[in-house]
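Q: I would like a close look at one part of this structure. Please keep it brisk and define the terms as you go.

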Amino acid sequence: MSLITLTSVTKEYKLGEIIVTALKDINLDIEKGKFVVLVGPSGSGKTTLLNLISAIDYPSAGRIQIDNVDISFLKRKQRAQFRREKIGFIFQFFNLLPTLSALENIEFSLDLSGILVNGKRSFDKKDIRETAMTWLRGVHLEERANHFPSQLSGGEQQRVAIARALAKDPPIVVADEPTGNLDYQTGVSILNLMKKLNETTNKTFIIATHNQQIVKIANVVISLQFNQIYCYEQDNPLDVSKLAW
Ligand SMILES: Nc1ncnc2c1ncn2[C@@H]1O[C@H](COP(=O)(O)OP(=O)(O)OP(=O)(O)O)[C@@H](O)[C@H]1O
Ligand SMILES: [Mg+2]
């Protein structure tokens, strides 16, 4: 059964008199537990699509259902709750809070979402700090815990953003160019982490990228071209360890 269903979704941006159609009449079904890779040239609507699926932005027309809930009908507060609990979003430009350290950026996100302890959300400060630190360690940044974003390299900021998105244990992880600023080895280790999480926890991953190699590790490939969508399954995705670019 589908986890994410888009029906006749159109997204237009209005800039005064000018209307930019980023997505036109898109239909899409994504099943739970898939590792989806989204490709398409710059300006083809990848970020737009991720923002719609994540309830960060509204469609101009059409319906978006996630886990049988039509998110287009959710009120502001419910949308925020949906994002907090269901979506881990790794932004193309990181969106770290500049006045918080690497560790605090992750803690802040967890203060809002809570962390899952035995199936229940806990807001315990000590648990949150431990979880945040565990995830910083997971992306090999424990020594940068007290650095502010401006004191981190682009790749390090990206890894903090990845740790922040994954730490709250969301069922859906949406990542916009998560390896764009990473060297090959760090990129592969992040993809490895994501693929393992996908396989062991059945989380659904949707990753936008310009890197055609990453397409090879997907179960499902979505290609955006000229506002239109093409979607296909890959039965034998490549193992991350065999990736090269
Ligand atoms: N807030 C906005 N206002 C107006 N137009 C926008 C806005 N955001 C995106 N667009 C336009 O919508 C189209 C799709 O943009 P989008 O950011 O989704 O592309 P993308 O595939 O993510 O590109 P990239 O690979 O460069 O990140 C582009 O033509 C872009 O100029
Ligand atoms: Mg983009």
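Is Phe-91 buried, partly exposed or exposed?

A: Phe-91 counts as partly exposed, because its relative accessibility is 24%. Here buried means under 20% relative accessible area, exposed means over 50%, and partly exposed lies in between (1.4 Å probe, protein chains only).

A word on the source. This is a predicted model, in which local features need pLDDT of at least 70, side-chain atom pairs count only at pLDDT 80 or more, and totals for chains, interfaces and linings use all residues. Residues are numbered from 1 along each chain as its sequence is written, chains are lettered from A and ligands numbered from 1 in the order in which they are written, and side-chain values use heavy atoms, with hydrogens and water left out.

Now the rings. Rings of Phe, Tyr and Trp (its six-membered ring) pair if their centres lie within 6.5 Å; planes under 30 degrees apart count as stacked, over 60 as edge-to-face and the rest as tilted. That rule gives 2 aromatic pairs. Phe-89 counts as buried because its relative accessibility is 9%.

Next, the metal. Donors are N, O and S atoms within 2.8 Å of the metal (3.2 Å for Na, K and Ca); water is not among the atoms, so sites may look incomplete. Thr-47 (OG1) and Gln-92 (OE1) coordinate the magnesium ion (ligand 2) at 2.0 to 2.5 Å. These two come from distant parts of the chain, 45 residues apart: Thr-47 is in helix H1 (residues 46–53), and Gln-92 is in the loop between strand E6 (87–90) and helix H3 (102–113). Helices (H or I, at least four residues) and strands (E, at least two) are DSSP runs, numbered from the N terminus. Thr-47 is partly exposed, at 30% relative accessibility. Gln-92 is partly exposed too, at 26%.

Look at H1 itself. Of its 8 residues, 7 are buried, so H1 is largely enclosed by the rest of the structure. Among the buried ones are Lys-46 and Thr-48.

Lys-46 also reaches ligand 1. One of its polar side-chain atoms lies 2.7 Å from an oxygen atom of ligand 1. A polar side-chain atom of His-210 also lies 2.7 Å from an oxygen atom of ligand 1. A polar backbone atom of Ser-44 is 3.2 Å from an oxygen atom of this ligand. Each is a polar contact, a pair of N or O atoms within 3.5 Å.

How values were computed: Polar contact = N/O pair within 3.5 Å; in protein donor to acceptor, adjacent residues only side chain to side chain.
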